[in-house]
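Me: I am new to this protein and would like to learn how to read it feature by feature. Could you take me through it slowly, with the general idea before each case?

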Amino acid sequence: MVMFKVSRVETNPIEGQKPGTSGLRKKDPGSCNVSNDIFHEPMDLVGKSVQATSLFGKFCSSNIQRPSADKVKGATIVVSGDGRYYSKTLFRVTIIIIKMAAANGVRRVWVGQNGLLSTPAVSAVIRERVGADGSKASGAFILTASHNPGGPHEDFGIKYNMENGGPAPEGITDKIYDNTKTIKEYFIGEDLPDVDISIVGLTSFGGPEGHFDVDVFDAADDYVKLMKSIFDFESIKKLLASPKFTFCYDALHGVAGAYANRIFVEELGAQESSLINCTPKEDFGGGHPDPNLTYAKELVIRMGLNKSKPQDNPPEFGAAADGDADRNMVLGKRFFVTPSDSVAIIAANAVQAIPYFSDGLKGVARSMPTSAALDVVAKHLKLKFFEVPTGWKFFGNLMDAGMCSVCGEESFGTGSDHIREKDGIWAVLAWLSILAFKNKGNLGGEKLVTVEDIVRQHWATFGRHYYTRYDYENVDAGAAKELMAHLIKLQSDISGVNKIIKGIHSDVSDVVQADEFEYKDPVDGSISKHQGIRYLFADGSRLFGDVYLFFHSHLMDLCGGLLLLLFVHLCLGFRLSGTGSEGATIRLYIEQYEKESSKIGRESQDALAPLVEVALKLSKMTEFTGRSAPTVIT
C-alpha cells in the first residue's frame with residue numbers, strides 16, 4: 001500500500017469568495033502574471049520553492065482548514081462534475097480535492113469515471129449509493145458552473161451538496177464565507193500519487209489518519225437504476241419504436257451526453273442519430289450550454305422553430321440539457337413548451353402516467369418568478385401548494401418534510417422528490433411517459449397525440465398563462481441597482497403607478513399590490529427577504545423582476561470558499577442567489593392569465609405586448625441600462 005504524508009501550507013485569506021444560489025462561479029485565471037506552464041503541475045508548487053508555494057496557496061487558500069471536530073474523519077465524499085475546463089486540465093481540481101481530502105482524514109472519495117457526474121446524478125449517488133463496505137456519502141463537491149459557458153477563458157465553479165443530496169443551505173454557505181476571510185493554512189497530501197480517474201476501480205493508500213480509498217465508478221449505473229425505478233421504461237420503449245414517433249435529444253456537449261446513449265439508445269431503443277452534441281467537451285464545443293431558444297440553436301432549427309430555416313419534417317419530440325444536466329428544454333414539432341407550463345403539465349398527469357407517483361402527489365411547488373400555471377393545477381387537484389424563492393434548496397426542505405412531490409422553476413429547472421436537485425433527464429422521461437400514456441392503444445393509429453396536443457388540451461382545461469422573461473446580461477452593476485431602487489420607490493404610490501400605466505396602455509388592468517417577495521419556510525420557520533420585486537394586477541397578471549450581481553474574480557481564488565466547506569462543514573445543511581460570474585443580470589418577468597377558450601391560442605408576444613411595453617417604460621429599462629433589447633428572451 002502506498003503511504004503518503006500530510007503537508008501544512010500557510011496561506012492568506014482571499015476576497016470575493018461568497019457563493020451564489022448554487023455554489024461559487026468565477027472566470028479564468030487569464031490575468032495571472034505567471035506562465036501557464038507553472039500551473040500544469042500544481043502539486044509541484046507545494047514545497048519546491050517559496051514562490052510556487054505562495055502561488056498554490058493563493059489557488060487553494062480558504063480551501064481547507066483543519067476541522068476542530070471529527071466530522072470529517074472517516075467520512076465518504078463524492079467529487080465529480082460536468083467535465084468543464086479546469087476539472088482535469090491545467091489545475092486538475094478533481095485531483096487537488098482528492099489530495100486535500102486525504103490530508104484531512106476523509107476515509108474515501110467516490111469519483112465518477114472520467115470525473116463526470118451530472119448534478120442530479122450526484123444527488124442520486126449521495127442518497128442511493130452504498131459502498132461495498134456499507135459506506136454512504138456525507139456530501140459532494142460538484143465541479144460545475146451549470147449553464148454558464150466553459151473553457152480556458154470562461155467559467156469554472158464548485159458547489160457543495162449536503163448529506164440529503166441537496167445544495168448547501170444559506171446558513172452553511174455564510175459560515176464558509178466567513179471562514180474564507182480568516183483562513184491561515186490548508187492541508188494537502190502532496191505526495192499522494194495521482195489516481196487515474198478514467199479507469200473504474202478502487203485504489204487504496206495509507207496516511208497519518210489511516211486508510212484512504214479512491215473509488216472510481218461508472219457514472220451512469222446508479223442514476224439509470226433510479227430512473228428505471230421511477231418510470232415505465234417498457235411503455236416509453238414502445239412509443240419510441242413507433243414509426244410515427246421521432247425523437248431528438250441535444251446535450252449541448254455537456255455531461256448529459258454521458259447518460260444519453262445509455263438511457264435513450266441502450267435502454268429505450270432510440271436511434272443513435274437522434275442524439276446530437278452528446279460528446280461531453282471541456283468547452284462545450286465553444287457553445288453556451290443553456291437549454292433555451294437562443295442558445296440551443298441546432299435543436300431549435302431541427303425542431304422547425306427557426307422561421308428563417310424551415311424544416312420539412314421535424315421530429316415529434318425534442319429536448320435539450322444544460323452543462324451539468326439539471327436543466328431541460330422540451331419542444332414539440334414546431335412548438336415550444338414553456339418551463340412553467342411543463343411543470344404544471346407533469347404535475348397534472350403524473351399520477352396516471354408515472355408509476356413513482358401512482359399513490360398520489362404530496363404537494364407541488366414553484367419558484368416565485370415561475371408562472372402560476374402550477375397554482376391552478378394544485379387548486380384543481382386539491383394539492384398542497386408552495387411558492388418559494390429562487391433556489392432548489394427551498395424545494396429540498398419541503399421534500400425532506402414530505403410536503404412536496406413535484407416542483408419547478410421558470411429557468412428550465414424541473415424535478416421531483418426522487419432526489420434533491422432539479423433533473424433534466426428526469427423531466428424528459430416524464431414527458432415521454434405522458435406521451436406514452438396518452439398514446440396507449442393508439443400507436444398503430446393514424447395520428448399520435450403530440451406535445452402540442454397535450455399542451456393545448458391543458459390550456460383548455462386550466463386556462464393559459466402567457467409568460468415571458470427578458471434577460472439583460474452584463475449590465476453595469478450601478479445602473480442595475482438604480483433601476484431596482486426606482487421600482488421599489490414606485491411601490492409606495494400604487495395610484496401613481498396606475499396613472500403611469502394608463503398613460504402607456506389604457507386597457508391594461510390596475511395594479512392592486514406591489515411588494516418585495518418574502519418567504520417564510522413552513523418547515524423551519526426561516527424568513528427570506530428581498531426575493532424579487534412584484535407588481536400584481538387585478539386580472540391576475542404579474543410583473544416582477546430581480547437583479548443578480550456578479551463580481552469578476554479569477555480562478556486562482558475560486559477553490560477558496562467551497563473547498564473549505566468540505567473540511568469544516570461536511571455534514572451540515574441551507575440558501576443564496578446568483579448563477580453568473582461577473583457584471584449584473586436584470587431579469588424581467590411578465591405574465592398574463594387567460595381563461596377564455598377563444599383567447600388561449602394567441603402568440604405569446606402578441607398577447608403580452610401591452611404588458612411588455614408597460615414593464616419596459618415603468619422600469620425605465622432603456623434609460624437605466626442603455627439597452628434597446630434584452631440579451632435573451634424566453
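Predicted model: local features only at pLDDT ≥ 70, side-chain atom pairs only at ≥ 80, totals over all residues.

Me: Which residue does the side chain of Lys-502 meet in a salt bridge?

Reply: The partner of Lys-502 is Asp-510, with 3.5 Å from N to O. Asp-510 counts as partly exposed because its relative accessibility is 35%.

Me: How many salt bridges are found in the whole structure, and which residues are linked in a network of them?

Reply: The search of the whole structure finds 32 salt bridges. A network of salt bridges links Arg-366, Asp-375, Glu-387, Asp-515, Arg-534, Arg-542 and Glu-591.

Me: What separates Arg-456 and Glu-452 in helix H14?

Reply: These two residues are 4 residues apart in helix H14 (residues 451-462), which means that about one helical turn separates them. Arg-456 and Glu-452 form a salt bridge whose closest N and O atoms are 2.8 Å apart. Arg-456, at 35% relative accessibility, counts as partly exposed, and Glu-452, at 27%, also counts as partly exposed. For another pair, look at helix H18 (residues 604-619), where Lys-617 and Glu-613 are 4 residues apart and thus separated by about one helical turn. The side chains of Lys-617 and Glu-613 meet in a salt bridge of 2.9 Å, N to O. Lys-617 is partly exposed with a relative accessible area of 49%, while Glu-613 is partly exposed at 28%.

Me: How should I read a sheet, and what is the order of the strands in the open sheet of 5 strands?

Reply: The general idea is that strands of a sheet pair through backbone hydrogen bonds, either parallel or antiparallel. Here the order is S12-S11-S13-S14-S15, and the pairing is mixed. Strand S12 (275-276) and strand S15 (335-337) are the edge strands, each pairing on one side only.

Me: Where does strand S11 find its bridge partners, and which way do the joined strands run, parallel or antiparallel?

Reply: Strand S11 (residues 247-250) is joined to S12 by 2 bridges, and these strands run parallel. S11 is also joined to S13 by 4 bridges, again in parallel. In S13, Gly-318 is the bridge partner of Cys-248, whereas in S12 the partner of Tyr-249 is Leu-275 and that of Asp-250 is Ile-276. From S11 the chain crosses through helix H8 (residues 257-267) to S12, in a β-α-β crossover that is right-handed.

Me: Which residues of S11 lie on one side, and which on the other?

Reply: In a regular strand the side chains alternate between the two faces of the sheet. Phe-247 and Tyr-249 are on one side of S11, Cys-248 and Asp-250 are on the other, and all are buried, with both faces covered.

Me: What is the strand order in the open sheet of 4 strands, and which strands stand at the edges?

Reply: The order is S17-S16-S18-S19, with mixed pairing. Strand S17 (385-388) and S19 stand at the edges with a single partner strand each, so one side of each has no neighbour in the sheet. On average, neighbouring strands of this sheet are turned by 15 degrees against each other, direction ignored.

Me: Is Thr-414 buried or exposed, and where is it found?

Reply: Thr-414 is found in strand S19 (residues 413-416), and it counts as buried because its relative accessibility is 1%. The side chain of Thr-414 makes a polar contact of 3.1 Å with the side chain of Asn-328.

Me: How many residues of helix H3 are buried?

Reply: In helix H3 (residues 93-103), 11 of the 11 residues are buried, so the helix is largely enclosed by the rest of the structure. Just after H3, Gly-105 takes a positive phi of about 90 degrees.

Conventions
Residues numbered from 1 in each chain as written. Heavy atoms only, no water. Buried < 20%, exposed > 50% of the residue type's maximum accessible area, 1.4 Å probe, protein only. Polar contact = N/O pair within 3.5 Å; in protein donor to acceptor, adjacent residues only side chain to side chain. Salt bridge = Lys/Arg side-chain N within 4 Å of Asp/Glu carboxyl O. Pairing = 2+ DSSP bridges. Right-handed = clockwise from strand over helix to strand, strands pointing away. Axes fitted to C-alpha atoms, helices over the stretch in contact; angles between N-to-C directions.
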